[in-house]
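Hi,

I'm handing over the structure we talked about, and below it you'll find my notes on what turned up. Have a look at it first, then read on.

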Amino acid sequence: MYILGVNTGPHDSSACLLKDGELIVMVEQERLSRRKRAFGEAPRAAVAACLRAADISLGDVAETAVGWDVPLLSEVEGAPFDAARFHEWLLPNGGGERRPPTRFVPHHMAHAASALWTSGFEDAAILVLDGRGECRSTTLARGSAGKIEVIRDWDTSLSLGNFYSIAAQWAGFTMWDAGKLMGLASYGRPDQAVPLIAAEDDYTFPGAPAPRRRPAQHYLQLRDFLYEYFGRNNYPYAQGDRNEPMAHASFAASVQAALEDVLLELARFARRRTGADRLVLAGGVALNCAANGRLARSGIFSDIYVPPVPHDAGVGLGAALLADRELSGRSDGGPAHRMRHAYWGPGITAEDIASALHGAGLATMHLSTEDVIGRTAAHLAAGRLVAWCAGRGEVGQRALGARSILCDPRHRSAVARLNSVKGREIWRPIAPSVLEEYWSAVFETAPLALCEFMLAAVPVRASARRMLAAAVHVDGTARPHVVRRSVNERFWTLIDAFRRLTGVPAVLNTSFNLAGEPVVFGPDDAIATFVRSDIEVLVLGDCLLEKPSVSEPVRDQGGRRAARPVRGTRVARGTLDSGMPFLPWQSAAPSEEEPDAQR
């Protein structure tokens, strides 16, 4: 039995496919459309890519599970639900193929399921924290193999995700730049007033406006309230001065500390109310690795799990898991399985690589896997930037050794260099990927489950900080990725080869993309990004490309300039603000040509 799970937006649309209850493929729409966050896009190309990977048609799918209660969402937003219009927007039926029945799953229930039923826990406390669902922004629940029971929820007027994104905007970033504010927080002291207060089993926004009927309207009121509050209490620093980001370091630290205090209070509440010893987190707030690290070190729970796709791109998976449990009759959920990796994208074949290379006119070395590993490790040891594209791509926002840019972590200058190449702020940290066998020599804690997906900040041992100079943030922590040979042998072997050359069991690892663009999907995207950047080496499977000089254009064997536009490299358009269309299917159908889902 096949179940199709989708997130229909308004951002991070995605699709996944379950076969007899097991995830087999997952694709984020942005990877195909090349528009970061896929604002307002139907996940059509993602659906097509999933069906193609499984070699089935839409008619073979038993049910489509949507990670939103779309009729309720429409009602909340004051618009009638037009089922025909929604389904035509989501899955056009121009070819007459049977369209499977649709199940709408409440947004926070889908988030909860995506975390609980990929954690491997038989039972756990559940916290969902994000910008908003249909009517709520925070949910506390208890979960078991076959059931999720909501204990308490908080409405959208108390959104921790909105609070943090508005703070990011006030500091000069966008509402999607929570990670930038989190990185900046380590440079400041939490000594400024913030209107977010942890209370016993609760939290409040003192002085904030009362909830409005429609969440989008209240968002605007909350933004105005917070802007006025931040401006009054952070004088003389001006709102949104991007030319002086370090001036907002203590503001960022204060916002981060307030969020962490609330998260710890909610965790203590969850422990008391559920009696569970383990916790799962989901929602966009669960991407805050500094807060996750503090929560893990608090000892409130013995184990904490966050899936690799805790943000909205993951709700299709949760909706599909819920649908499968009901349709299959496995109400108890069956055995619990831990998701150990994030490599759920379609794979790339040698034919895909050969076709892309031929089209780009680039000279390439075809080597054995052993030679590719050895030569790549030598490039890293020599200080060169290496783009690494191998196997099935990751899902989620973290590079985990399938679509990565890699560098030697020993020299602090690598941070500035990588941030410059990617168009990132100079002060933003970059994570290390570390061999499991050498973990205890580098970090002060055991390898947390959170580190499987690079979702927690962990203190680095003083004795290892010089070895990982480029990976250690200003507060002495790193956001590491534990690399297990059983999970990704090829990436493990590369790092081990680098270790044998340098004595360092880690590499610096950031996502393979440039500013404003999604992570690369396939060989076309990888080549296009490579030729437009100062990355010196590209590894595509067992093919290796080396630039003669980062200051010279790459040329083919005939001397012709090889850097030409490759399809699928459009830069993301402007970000959405508080006017975000939560009902994208209400607008006119996209006028642009559908992205090529075959890539």
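A quick definition to start: a residue counts as partly exposed when its relative accessible area lies between the 20% under which it is buried and the 50% over which it is exposed. With a relative accessible area of 31%, Arg142 is therefore partly exposed. Please keep in mind that this is a predicted model.

Salt bridges

There are 35 salt bridges in the structure. One of them pairs Arg142 with Asp123, with 3.3 Å between the closest N and O atoms. Arg142 belongs to strand 7 (residues 136-144) and Asp123 to strand 6 (residues 123-129), so this pair ties together parts that are 19 residues apart in sequence. Asp123 is partly exposed as well, at 26% relative accessibility.

Another salt bridge joins Asp202 and Arg152, whose closest N and O atoms are 3.1 Å apart. This one links distant parts of the chain: Asp202 sits in strand 10 (residues 202-204) and Arg152 in strand 8 (residues 148-155), 50 residues apart. Arg152 has a relative accessible area of 28% and is partly exposed.

A helical pair comes next. Arg294 forms a salt bridge with Glu260, and the closest N and O atoms are 3.1 Å apart. Since Arg294 lies in helix 10 (residues 289-298) and Glu260 in helix 9 (residues 249-274), the pair ties together parts that are 34 residues apart in sequence. Are the two partners buried or exposed? Arg294 is partly exposed, with a relative accessible area of 29%, whereas Glu260 counts as buried at 11% relative accessibility.

There is also a network: Asp303, Arg338, Arg340, Glu436, Glu452 and Arg484 are joined into one by salt bridges that share partners.

Best wishes

Conventions
Residues are numbered from 1 along each chain as its sequence is written. This is a predicted model: local features need pLDDT of at least 70, side-chain atom pairs count only at pLDDT 80 or more; totals for chains, interfaces and linings use all residues. Side-chain values use heavy atoms; hydrogens and water are left out. A salt bridge is a side-chain nitrogen of Lys or Arg within 4 Å of a carboxyl oxygen of Asp or Glu. Helices (H or I, at least four residues) and strands (E, at least two) are DSSP runs, numbered from the N terminus. Buried means under 20% relative accessible area, exposed over 50%, partly exposed in between (1.4 Å probe, protein chains only).
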